[in-house]
Every structure is written in structure tokens, then in C-alpha cells.
Amino acid sequence: MSQINYISEDKIEEQLALCSELIPLIRARSETDAPLAFVDTYGCQQNESDSEQIRGFLSLMGCGFTTDEFLADIIVINTCAVREHAEMRILGNVGALNHTKKAKKGQIIAVCGCMVRQEHMEEKLKKSYPIVDIVFGPDEVWRFPELIMRLVKGRKRVFEVTRLDGSLFENLPRRRDSKLKAWLSIMYGCNNFCTYCIVPYTRGRERSRKPEDILMEAKELIASGARDITLLGQNVNSYGKDLGIDYDFADLIKDINALEGDFIIRFMTSHPKDAGEKLFKTMAECSKAAHHIHLPVQAGNNRVLKAMNRHYTREEYLEKVRLAREYMPDLVITTDIIVGFPGETPEEFEDTLSLVNEVRYDSMFTFIYSPRVGTKAAAMPDPLSRAEKQILCDKLTDAANTIPKEKHAEYVGRTVRVLVDGVNEGEEYNLSSRTKEGRLVHLKGCPEMVGSFAEVKITSSTTWALFGEISGQ
Ligand code: SAH
Ligand code: SF4
Ligand code: F3S
């Protein structure tokens, strides 16, 4: 039976009330009228989105923000567990806070997110990192104020990591990083249990937000100036399956597309097994949907795909790519690939390389396999050495760079519509922008253009970006 923890509005109200009570307590502890907080985020967009909610609470507690650990009265480290490298970096950075805590009396250090949802990591923080005051899992974000209150009043370390199937909550305060670009979580968790992956253990089971809550948030975002909205979920194509209504991800895209305003709809991530014709057709028909799909293939060999528990074959994947491109000839396709899955042979890896050359991805993220505690793959024999895997990975990186370079070159001379989203301080091409499909375009123009759409003539390109001039000016 599912153990999803649905959080009522009243419970959220209680947390908001605690924020007000905390204002004088945090001030007193900080010995200043303007306490500062630093929220440091690792991992994926889901974590970025959670950090925006943590910042929302901190704002209500009267905190301003800094990125200087020595100035911060409250430090929150929002962690990722997807690969060992990420965990090592995080533990190193937490350890380094010894200095800041010595220098700043009363500093509160909290560690949250996916890494601490693993029991061995929670234990490690408890035993070996006494400077850490609060530890809470991804399902406790909604009660962050209560945890701070418990620490401030009780003066004892607070460890609060539940290991149920996940919580679902609405209406948390949120301090967004950008007005223009917005994350919009549509669902949480993952049911897929790919054999290498820790996410189903750290993020719990799939749970979808109600369409009306998502549409309301989308409307508010558009009204407050968002022009680029990314719908987030570990596997957005499963959206709605748990709601018990006849409504899926494509229906949601259609409904968001129908909202008034000039904006772009993106989404992350699609599992290839659930991406199908209805989604491609909807993307093609909805004028605001970006023609971009991040479709992680992970490997190109059928034996490896099966061992990974991915539920598709190389042939099925290629057929989906073909179909998607039939609906959207301008589709940008990106992917993730794992090199050196346990037991993958160099011959099997050649199948990944040939698939990459066949699909011609616009960009790809390649990762060397990292064993994760408690996953099935971690118990599989893994004879290839790290050095051997690195050689394979380098081959893939070469392919990863050549293809986009060629694709970008084809743009020179064409005019594209972009959303100007930032300033490149001190650069000749002083503005950055993205096409609807997500291609990066550097251009020359006045900074006031940030936040508006523009037509740009592409004049040159590299592997990573296009360069252009405003057209017709
Ligand atoms: N939910 C998303 C991605 C989650 S993690 C999806 O299914 O696509 C992002 C990427 O990290 C994965 O696509 C995978 O390529 C990589 N990854 C996950 N676990 C890994 C591991 N144990 N070692 C190396 N890479 C891993
Ligand atoms: Fe991990 Fe697979 Fe779920 Fe993605 S779909 S989060 S790779 S288990
Ligand atoms: Fe990392 Fe958790 Fe995201 S493990 S990739 S932060 S879901």
C-alpha cells in the first residue's frame, strides 16, 4: 500500500505562522537586524526548485541572502546523490564549514536533499560532522520552519528524515531565482527503478500535482513576467497516472498552451518508454511548446538496456526519434548516456557510439557509471577499470562535440526568434538568448532587451553556441 503523505493546507498555515515567530529569534541569534542566509544547491532542477521554496521560507523569517559562508547566519546545503563525485564534493564543502562556524557565533548549518535520504549518509553526518545542526530529507521541505524552531528553542541537533513514499504539498512560499525563467514542478518521485539509479530511493514514489493547481501556478507565473516555463518531473510522461482521472501529460501541455500570453513551455525529463505519438503530436500542435525533447537513452545495446531495466530496445528508441522528427522536423534532441555500466563490454559500447551517430543529438551529457548503495547494479560484477571506462567516455565526448558543431554551422545565414535572457558582462556579444528549441545565441544589443523576444540573424557558430545580430534594426 502506498504511504504518500498528503500535507493539508492547515499544516502549511502552521509553518507560515512559525516563520513570523522566528523573525525575532533569528535576529537575536544573529545579533544583527538583517540576518543573512545562504542556500547552496547541488543536483537537478528539482533541487533548484526545492531551494526556491526554502528561500521562500527564509525570506518570511526575515532573512536576506548571501553567497558568502562567512556572512551567513543560516546555511542550507541542498544535496544530490546521483553520483559519488557529487557526494564527495558536498561532504568536502560541508567539512569546510568548520571554519565559518568557528568565526560566526550562532551560525545554523542545515543539510537537506537527496543525499541525506540515504541512511548511511544521515549516519555519517550525525557521527562525523558535528557542525551540522539540522538534517532533513526532500519530503520535509514543507516543515523547514518547524525544524529551525526546534533547533533554536531546544538547542539540540535536529535529524528529520522520513522514509515513506514521499509527501505532496501545495502553496509553499517561493523566492524565485529568475522572473523570466521559471521551474514548475508537475510531479515528484520516480517508479522506474533503473538498476543504476538512486532517485527512486531518495525521491519516493511518483505523485502528480492536480492539473488545476499547476494551471493556477502557471497563470501566476505568466502574470508576474515568466516567459520561459520548464515543467519538471523525473519522468513527466507518467504525469497523471496516479490521479485516477483521464488526463495525461499531453493534456497538461495543451491546457498550459491555451493560457494567454507570449511564453515558451519546456519540460524535463521524458522517459523514452512512455514518450509516444500523442506527446509528439501535441508538441507539434501547441504553438508555445518548445520543439525540444531530452530523451535519455543511457545505452545503445539491448543487453545493457535490459540490465539497466529501461524497458525499451535500441530499435524502439530509434523508432520514437523517427516519429518525433516526423511531427517536428526542427526538433532538438538531447540525451544522457552512462558509460561503463557493470558488465558493459567495449563491443557493447560500440552500439552506443553508433546510436549516437545515427540520432545525431544536439547535445548530450555523458556520465561514467557510479555505484549507488542499495541499487541492483551496485551488486553486479563490474570488471572494466575506471581507466578503461574513461577511454570509452572520451570517444563519446568526441562525437558529442562534432555533431552540434556541424548542426550549428547550418544555422549561419538564417534568422531565428529568440528570448533574450541575460547580459554577458564585458563581452563583444553582450546579450545571451535562447531559441524556442533551446539553442544558445549570443548577440549584440542593448541590455533593456532582456525579457523580450527578438528576431536574430545568425552570423557565426561554434560547438556550443550561435552568434548573431538583431534582424531589421
Ligand atoms: N529522471 C531522469 C534523470 C535522473 S538522473 C531520467 O530518467 O532521465 C540524471 C542522469 O544521471 C541520468 O539520466 C543518468 O544518465 C545519470 N545517472 C543516474 N544514475 C547514475 C549512476 N549511478 N552513475 C552514473 N550516472 C548516473
Ligand atoms: Fe532514475 Fe530511471 Fe527514475 Fe530516471 S527514470 S530517475 S534514471 S530510476
Ligand atoms: Fe540528484 Fe536528487 Fe536530482 S539525486 S539529480 S538532486 S533528484
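A residue counts as near a molecule if one of its heavy atoms lies within 4 Å of it. In this predicted model, local features need pLDDT of at least 70, side-chain atom pairs count only at pLDDT 80 or more, and totals for chains, interfaces and linings use all residues. Residues are numbered from 1 along each chain as its sequence is written, ligands are numbered from 1 in the order in which they are written, and side-chain values use heavy atoms, with hydrogens and water left out.

Around ligand 3 stand Cys 44, Asn 47, Cys 80, Ala 81, Val 82, Cys 114, Arg 203 and Gln 234. The shell of ligand 2 includes Cys 190, Cys 194, Cys 197, His 271, Arg 310 and also Gln 234. The table divides both shells by class: Ala, Val, Leu, Ile, Met, Phe, Trp, Tyr, Cys and Pro count as nonpolar, Asp, Glu, Lys and Arg as charged, and the others, Gly among them, as polar.

| Shell | Nonpolar | Polar | Charged |
|---|---|---|---|
| Ligand 2 | seven residues | three residues | one residue |
| Ligand 3 | five residues | two residues | one residue |

Elsewhere, strands β14, β15 and β16 form an open sheet in that order, with parallel pairing. Its edge strands are β14 (292-294) and β16 (363-368), each pairing on one side only. Strands are DSSP runs of E, at least two residues long, numbered from the N terminus, and two of them pair if DSSP finds at least two bridges between them. Strand β15 (residues 332-339) is joined to β16 by six bridges, and Thr 335 stands opposite Met 364 in β16.

Conventions
Helix = DSSP H or I, 4+ residues; strand = E, 2+ residues; numbered from the N terminus.
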